[in-house]
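These are my notebook entries, written while I looked up one feature after another. I began with the ground rules and then went from the sheet to single residues.

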Amino acid sequence: MLNRSTASFFKIILAVMLSLIPPSLWAKQAHIAIVADGLTEIANQNLTLLKAEISELLEGEYDIQYHDGATYDGRWSLERIEGIFKATQSNDSIDLVIAYGPLASHVAINTESLNKPTIATLFLDSDLQSVPRE
């Protein structure tokens with residue numbers, strides 16, 4: 001068992017060590033998956049803008065980590081997008097899912113049970129696509 005002076009010494013050492021940790025490591029992390037219909041030059045440019053907006057919005061509050069690129073590229077295939085979307089919803093390392101494009105948004109909109117906060121970026125007709133009202 002530690003005596004009071006030894007315990008106080010360890011508390012001071014701990015406080016000094018914690019103060020040396022850069023503030024960036026104290027920031028909360030947000031892992032965002034971006035499921036895309038298909039990646040084209042224009043889509044990549046727009047994704048860059050989307051990420052910049054998100055980063056600016058959450059600057060100082062969250063350290064943003066993106067899950068995107070080829071693994072999350074639906075390649076214009078409904079079946080592939082559904083598979084990617086399902087995987088993101090069950091991936092514990094992902095905090096938020098962004099469905100990027102009308103096809104990925106359609107999948108997001110029509111998923112009965114969402115495990116994570118999900119943003120559908122684009123849908124064409126809320127009645128035709130059966131967008132939930134609640």
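The entries below follow the order in which I looked things up.

**Entry 1, ground rules.** I noted that this is a predicted model, in which local features need pLDDT of at least 70 and side-chain atom pairs count only at pLDDT 80 or more, while totals for chains, interfaces and linings use all residues. Residues are numbered from 1 along each chain as its sequence is written, and side-chain values use heavy atoms, with hydrogens and water left out.

**Entry 2, the sheet.** I looked up the strands (DSSP runs of E, at least two residues, numbered from the N terminus, as are helices, which are runs of H or I of at least four). Four strands form an open sheet in the order β2-β1-β3-β4, and their pairing is parallel; two strands pair if DSSP finds at least two bridges between them. Because β2 and β4 (118–120) stand at the edges with a single partner strand each, one side of each has no neighbour in the sheet. The twist from one strand to the next averages 20 degrees. I then turned to β1 and β2, which run parallel and are joined by six bridges; Q29 has D63 in β2 as its bridge partner. Helix α4 packs on the sheet and touches β1, β3 and β4, where contact means heavy atoms within 4.5 Å. The direction of α4 makes about 165 degrees with that of β1, with axes being lines fitted to C-alpha atoms, for helices over the stretch in contact, and angles running from 0 to 180 degrees between N-to-C directions.

Which residues make up the largest nonpolar core? I found twelve: A33, V35, Y72, I81, I84, F85, I94, V97, A99, A104, V107 and A108. Such a core is a set of buried Ala, Val, Leu, Ile, Met, Phe, Trp, Tyr and Cys residues joined through side-chain atoms within 4.5 Å, and buried means under 20% relative accessible area, exposed over 50%, partly exposed in between (1.4 Å probe, protein chains only). Two or more residues come from each of β1 (28–36), α4, β3 (96–100) and α5 (102–109). Another core of eleven residues lies apart from it, with A30, A36, I64 and L96 among them. In α5 I listed A104, S105, V107, A108 and I109 as buried, and what covers the buried residues of α5 includes β1, α4, β3 and β4.

Searching the whole structure, I found one salt bridge, that is, a side-chain nitrogen of Lys or Arg within 4 Å of a carboxyl oxygen of Asp or Glu. The side chains of D68 and K51 form it, at 2.3 Å from N to O. D68 is in the loop between β2 (62–67) and α4 (78–90), and K51 is in helix α3 (residues 41–58), so the pair, 17 residues apart, links distant parts of the chain. D68 counts as partly exposed at 25% relative accessibility, and K51 is partly exposed at 23%.

I119 lies in strand β4 and is partly exposed, with a relative accessible area of 40%. Not counting residues up to four places away in sequence, I119 touches L96, V97, I98 and A99. T111, in the loop between α5 and β4, is partly exposed at 24% relative accessible area.
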